[in-house]
Amino acid sequence: MTATAQRSRIQQLWEHWILDIPLLQLVVAVLLGGLGNQLYPYAGEGARGALCDETAHLMTTLLVLNLLPKEWRRKILVPALPASVLIDVDHVPLAIFHTHFLTWGTDRPYTHSLLTVAVALAIAALCSIRWPKVGFVWLGIAIGLSLHFFRDLGESDASGVPLLWPFSYRSFNYGHATFDTIMVIVVAANFLLWWIRASRS
Ligand SMILES: [Zn+2]
């Protein structure tokens, strides 16, 4: 298979399995997200905990963005999904090297701040003037980061997110039950949308 044929095959799979949101994909996303979210508090701080946490982050982003029109998802889903997971690389200095240089006085690293989202949005705005496609990539990154913070803010361990760093070291959070309730609504909306789209086609 040539490289072009391979790329178009991957594109077809992406269109069919992710962008068209078949029922199977929805069910798998809900199960994986729910499992990751529920098991995370019991999985500990190591690799198992990270796997549960990041799976829940990835599925949260997927399920929330599934609610957008397909043309929007086509532009932002590819950058948003990895961004919603990779931001947690900023935990490495503390988790592996036991250094607090990103976490002095806060529950999570300083990069878990609205400033990071603002920087991504500023780059998106600048790029959109000359390179609209790159602008959408950065918009997707900003959205993926925002959805990551949305889940971190409602995580079950009650640790917070330094949203206003560097202006404030306060770590913000809200109740885990609120996060669960919002996600139940998101999941219900996903199934409703799937049903509407399927009955139209
Ligand atoms: Zn995080």
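**Figure 1. Helix 3 meets helix 7.** The axes of helix 3 (residues 47-65) and helix 7 come within 9 Å of each other and cross at roughly 120°. Axes here are lines fitted to C-alpha atoms, for helices over the stretch in contact, with angles running from 0 to 180 degrees between N-to-C directions. Helices (H or I, at least four residues) and strands (E, at least two) are DSSP runs, numbered from the N terminus. On the helix 3 side, look for Ala-56, His-57, Thr-60, Thr-61 and Val-64, which meet Gly-144, Leu-147, His-148 and Arg-151 in helix 7. Two residues are in contact if their C-beta atoms, placed from the backbone, lie within 7 Å. This contact has three nonpolar, five polar and one charged residues. Ala, Val, Leu, Ile, Met, Phe, Trp, Tyr, Cys and Pro count as nonpolar, Asp, Glu, Lys and Arg as charged, and the others, Gly among them, as polar.

A note before moving on: this is a predicted model, in which local features need pLDDT of at least 70, side-chain atom pairs count only at pLDDT 80 or more, and totals for chains, interfaces and linings use all residues. Residues are numbered from 1 along each chain as its sequence is written.

**Figure 2. Helix 6 packs with helix 7.** Here the axes of helix 6 (residues 114-130) and helix 7 (residues 132-153) come within 7 Å and cross at roughly 165°. The two helices are therefore roughly antiparallel, a label for angles over 145 degrees. Helix 6 passes helix 7 in a left-handed crossing.

Figure 3. Trp-165 and Pro-166 are joined by a cis peptide bond, with omega about 10°. In general, most peptide bonds are trans. You will find Pro-166 in the loop between helix 7 and helix 8 (176-200).

**Figure 4. The setting for these close-ups.** The chain has eight helices and zero strands. Its C-alpha atoms fill a box of roughly 55 × 40 × 30 Å, taken along the principal axes. Residues 24 or more positions apart account for 58% of the contacts with a separation of 6 or more.

Methods: Angles under 35 degrees count as roughly parallel, over 145 as roughly antiparallel, 65 to 115 as roughly perpendicular and the rest as oblique. A crossing is left-handed if the near helix is turned anticlockwise from the far one by less than a right angle, and right-handed if clockwise.
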